[in-house]
Amino acid sequence: MAKFVNYFVFVVTILNLGFGFQVHAVPYDHSYTHECLATPIKPQYNGGIVVNPELNEGLYGWTSVGDANIKHGKSYDGNKYIIASERRQSFHSFSQKFILQKEKLYTFSAWLQVSDGNADVAAVFKTRTGYEIAGWVTARKGCWSMLKGGLVVNTSGPTELYFESNNTNVDIWADSISLQPFTQQEWISHQDQSIEKFRKSKVKFQAVDKHGQPIPNATVSIKQRRPNFPVGCAINQNILQNSAYQNWFTSRFKHTVFENELKWYSNERSRGSEDYSASDALVKFAQSHGVAVRGHNVFWANPADQPNWVPGLSSNDLWAASNKRINSVMGRYRGQLFHWDVMNENLHFNFFESKLGWNASTVFYQKANAIDGKTTPFLNEYNTIEESGDGTSSPSKYLQKISEMRKNGYNGPLGIGVQGHFTNANLPYLRSAIDQLASAKLPIWVTELDVKSGPNQASYLEKILWEIHSHSAVQGIIIWSAWSPNGCYVMCLTDNNFRNLATGNIVDKVMNQWTHAADLPGPTDSNGIFETSLYHGEYEVKINHPNGDAVSDLHEINLLPNDKAQDTYRITINV
């Protein structure tokens with residue numbers, strides 16, 4: 001089997017000083033390819049806890065599910081695999097049993113092929129309490145496609161893995177199957193390692209006197225003025241006349257999106273009568289406070305979310321109305337927004353394609369880029385990172401949509417928007433989904449983050465925020481918590497007096513942790529050096545002399561990803 005050259009490895013060492021031994025965390029493998037290969041790549045983690053993962057020992061460890069006939073296959077190059085044929089129901093395939101533990105996190109991968117055409121295939125784990133889908137892939141005839149995913153279980157006990165496809169006319173082939181467990185500590189260590197590598201930089205400051213001599217025991221104080229990693233929150237027109245809402249929002253966020261005010265049904269309730277008064281006021285408010293705005297959205301692919309006069313239009317009238325819409329809204333705010341969701345949720349829905357033809361979305365993205373070339377046009381979809389059971393918008397389907405747009409002629413800039421409306425915290429699936437999307441090498445933003453109400457809402461939110469932030473491919477997060485007197489879409493951060501709820505406290509806590517280093521302020525050593533690791537962003541630095549009187553001038557530094565930081569920042573105290 002081929003060797004995967006993109007295998008991402010790091011080893012995290014936890015030193016237990018009390019007992020004097022080291023524990024090495026199992027490295028996490030971020031690798032993924034969307035290519036369909038002639039030969040599958042070796043299994044991640046050498047298969048983990050899967051018995052006979054490369055099928056080199058015949059069918060040992062594997063049994064049939066339902067009426068499927070399973071057999072051992074071997075290709076001309078000697079590669080071996082398992083085949084499920086004569087499938088009469090979607091779940092008829094092959095299986096292996098495991099004992100999974102509630103407190104662990106499991107990452108899964110496999111390479112799949114089908115006997116004819118192509119078919120969507122899911123990896124399913126049957127537990128005591130239900131079924132957990134670990135991931136999806138569209139498998140093809142004649143080459144191998146990688147399925148990557150993950151799962152957690154809500155109770156420990158026996159679990160059965162099998163593969164499922166609604167296309168019962170195809171045989172399912174599988175090879176290089178892997179299931180790797182991680183402890184909670186290992187999982188967090190992966191996050192920490194990734195944050196240190198991609199979100200932070202090590203910096204040194206040296207305190208010197210006016211003669212250039214080092215000053216030991218000076219106190220270095222560092223304040224972050226602006227973070228490099230954007231965390232924003234949605235707003236709506238309720239903020240315009242509410243000073244408490246304004247104060248709460250502007251004291252925290254420099255990025256936003258409007259909940260409804262830029263949607264077509266808000267701007268043109270009746271044909272030909274445009275109203276941008278609310279969106280104009282919100283843009284003016286944001287700009288007056290230095291807040292960057294995402295555009296959401298030019299079009300919505302859901303037929304239920306059109307202006308009520310749109311669904312009845314003829315094809316020609318719809319083309320005319322749509323062209324007017326995109327030119328009007330994007331022309332009005334040209335250069336003022338940093339993203340535009342051009343066609344919202346066009347994996348789940350296809351209103352415009354059904355009316356205007358198969359390439360409608362591609363046409364609109366071409367128009368969007370022509371109208372405002374400085375604003376990145378985004379796709380924006382739900383259930384891609386948050387819900388493993390929705391095969392319609394799986395990472396595999398998302399990548400297919402991007403490939404389809406490229407083949408149809410759109411070669412301009414493009415962004416990946418994943419909404420992130422979570423009901424639980426399936427961190428292995430979340431991480432694997434971003435791994436897959438990252439293979440497109442496009443900017444990724446989580447655009448509408450919230451967590452369903454429940455006893456674990458705040459704790460899930462904290463875990464999800466850390467997981468997203470730790471992945472190097474994600475460029476920003478927008479929380480979907482615009483406030484209204486009657487409540488929020490799913491998750492509020494405050495009560496109606498703008499006092500934080502538990503969710504708001506989590507957001508404040510996490511944003512503060514991503515802003516300040518734990519060892520600040522800190523003392524210089526005998527050489528006048530203070531070294532620390534800082535999150536990327538803009539900082540103000542000053543150093544106080546140990547005599548308590550003298551202080552340096554304020555110095556400004558800007559730490560950016562991939563920039564080679566200055567070896568040492570020398571700061572003079574005039575003593």
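**Sheet, cores and a buried phenylalanine**

Author: In this predicted model, five strands make up an open sheet, ordered S3-S6-S11-S8-S9, with antiparallel pairing.

Reader: What makes strand S3 and strand S9 the edge strands?

Author: Each of them, strand S3 (63-64) and strand S9 (131-140), pairs on one side only.

Reader: How do you know that strand S6 and strand S11 pair?

Author: Two strands pair if at least two bridges are found between them, and six bridges join S6 (residues 94-100) to S11 (residues 157-164), so the two count as paired, in antiparallel fashion. Within this pairing, Leu-100 stands opposite Gly-157 in S11.

Reader: Which helix lies across strand S8 and S9?

Author: Helix H8 (residues 395-407) lies across strand S8 (118-126) and S9, and runs at about 30° to S9.

Reader: Why is Phe-352 called buried?

Author: Its relative accessibility is 0%, and because buried means under 20%, Phe-352 counts as buried. Phe-352 is placed in helix H6 (residues 351-356), and, with residues up to four places away in sequence not counted, Phe-352 touches Trp-264, Phe-299 and Trp-300, among others.

Reader: What makes Phe-205 and Phe-352 stand out in the largest nonpolar core?

Author: Of the 117 residues in that core, these two touch the most other members. Leaving aside neighbours within four places in sequence, the contacts of Phe-205 include Val-220, Ile-222, Phe-530 and Ile-571. Another core, of 32 residues, lies apart from the largest one, and among its members are Phe-94, Phe-108, Val-121 and Phe-125.

Notes: Residues numbered from 1 in each chain as written. Predicted model: local features only at pLDDT ≥ 70, side-chain atom pairs only at ≥ 80, totals over all residues. Heavy atoms only, no water. Helix = DSSP H or I, 4+ residues; strand = E, 2+ residues; numbered from the N terminus. Contact = heavy atoms within 4.5 Å. Axes fitted to C-alpha atoms, helices over the stretch in contact; angles between N-to-C directions. Core = buried A, V, L, I, M, F, W, Y, C linked by side-chain atoms within 4.5 Å. Buried < 20%, exposed > 50% of the residue type's maximum accessible area, 1.4 Å probe, protein only.
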